[in-house]
Amino acid sequence: MSTRVKTTVSMKVPFFRPAVSDPEIAEVVATMRSGWLTTGPRVRRFEGAFAKAVGAAHAVAVNSGTAALHLALEAMGLKSGEAVLVPTMTFAATAEVVRYFGAIPVLVDCDPVTLLLDLDDAARKLAQMRGGRPPASLPPGASVVGVIPVHVGGLLLDPGAVRKFASDNGLWVVEDAAHAFPAAWRPDSGSAWQRCGEGTSAVACFSFYANKTITTGEGGMAVTEDAKLADRMRLMSLHGLSQDAWDRYSGTGGWDYKILAPGFKYNLTDIAAAIGLHQLDRAEAMRVEREAVARRYSEAFASLAGLEVPPEDADRVHSWHLYPIRLRLDRLRIDRDEFIVQLKAAGIGCSVHWRPLHRHPYYEETFGWRPEDLPVASDVWQRLVSLPIFPGMSEDEIHYVIETIEGLCQRQSKS
Ligand SMILES: Cc1ncc(COP(=O)(O)O)c(C=O)c1O
């Protein structure tokens, strides 16, 4: 059994501790000794292995999940002035990539329990846009062309329902699957499982940021069934060059290249892919470890009146990237911020996913979003706390989080 690297963060229980093991370290060292550090043979292997792991025809490795989303929208042909449905309950990246094109993110509310994009509200916002009565102060006349569902925490938003909504309304789907590897879905218990990225949308975009379900330090992957989309994303990921450096310098290629389009600098390094290759080998084992932590929490917290636990669904394989509890503020004498202060005082790292986009100055000031335009997210985010969940969490750490939260809820209970 290989040793896991210890964290340098001095919390009793950190919010996250990366599960880095000896094989990753050895592969990075081998890469450093190989004479080839940037995009090369290890990136190609990582792409192939990841495509196989999610059941996709093509995978393009890039240096962040944000880059994957940007390339996906570019390949879909997004244009300035067009509009895209984006959940307000997400990270900055999902909407900022729409802004890169001068396009308009139309924010959509979330489900109060799953926190996932609410397709009924998406239909409402779409009708407002297409009826010439846009929400907030969005420009009238912007044509809505796509939707970007986000699988918050690793719980898949029903890909069948998203697909139907999109095809009924002539929209493309690009998934923000930053949290959703490995994750899967089936329509019902009699149907086959479909993995996230296995044809669940035009392009599914994964993140390998430091605290994601697998990491390369920084990194991402765009997967698709469509060879044309894959070719375009690959081209644009490296300055729009006709062939990359590995092709030019390894035995097969010549020195010359042509600039075919003004691309970006989004390629992943072989050093990062070296980490990813071995993280990938352990992805399911690490998911199972996180699932066990989630189950322990949910069993222990079921009887606490002061909070609600995240939902489970028999028709989902949940990646359990996050474990977000929703506080019952009507049952507690403290608010969410004080709850987090007290957990921090006890040495437990936690976070909030997320302050919704419409409560950030940029989206308030640029598009005039008000809390009442997205009432569910406006309410629920003030109750959210994400608890520590990571592979390699010790029994003592799990027990300490549970007993601290039980004590806090009891002390601060209104009844
Ligand atoms: C939902 C979501 N989308 C996209 C991203 C962007 O991923 P990256 O940090 O790899 O660019 C993140 C990162 O935290 C995320 O949480």
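Buried here means under 20% relative accessible area, exposed means over 50%, and partly exposed lies in between, using a 1.4 Å probe and protein chains only. This is a predicted model, in which local features need pLDDT of at least 70 and side-chain atom pairs count only at pLDDT 80 or more, while totals for chains, interfaces and linings use all residues. Residues are numbered from 1 along each chain as its sequence is written, and side-chain values use heavy atoms, with hydrogens and water left out.

**View 1. Strand 8 is covered on both faces.** Welcome to the first close-up. Helices (H or I, at least four residues) and strands (E, at least two) are DSSP runs, numbered from the N terminus. Strand 8 spans residues 203–207, and five of its five residues are buried. Val-203, Cys-205 and Ser-207 lie on one side, with Ala-204 and Phe-206 on the other.

**View 2. Strand 8 pairs with strand 5 and with strand 9.** Two strands pair if DSSP finds at least two bridges between them. With strand 5 (residues 172–176), strand 8 runs parallel over three bridges; here Asp-176 has Cys-205 as its bridge partner. Strand 9 (residues 220–224) is antiparallel to strand 8 and joined to it by four bridges. In that pairing, Val-223 of strand 9 stands opposite Ala-204.

**View 3. The largest nonpolar core holds 70 residues.** A nonpolar core is a set of buried Ala, Val, Leu, Ile, Met, Phe, Trp, Tyr and Cys residues joined through side-chain atoms within 4.5 Å. Leu-73, Leu-78, Leu-85 and Met-89 have the most contacts inside this core. Its largest share, seven residues, comes from helix 3 (residues 65–76). Contact means heavy atoms within 4.5 Å. Leaving aside neighbours within four places in sequence, Leu-73 has contacts that include Val-97, Phe-101, Ile-148 and Trp-172.

View 4. Helix 14 covers residues 395–411 and reaches 24 Å from its first C-alpha to its last. Its buried residues include Tyr-400, Val-401, Ile-405 and Leu-408.

**View 5. Cys-205 and Cys-409 are in no disulfide.** A disulfide is a pair of cysteine sulfur atoms within 2.5 Å, and the count comes to zero. From Cys-205, the nearest cysteine sulfur is that of Cys-196, 9.8 Å away; Cys-205 counts as buried, with 1% relative accessibility. From Cys-409, the nearest is that of Cys-350, 12 Å away; Cys-409 also counts as buried, at 6%.

Notes:
The expected span of a helix is 1.5 Å times one less than its number of residues.
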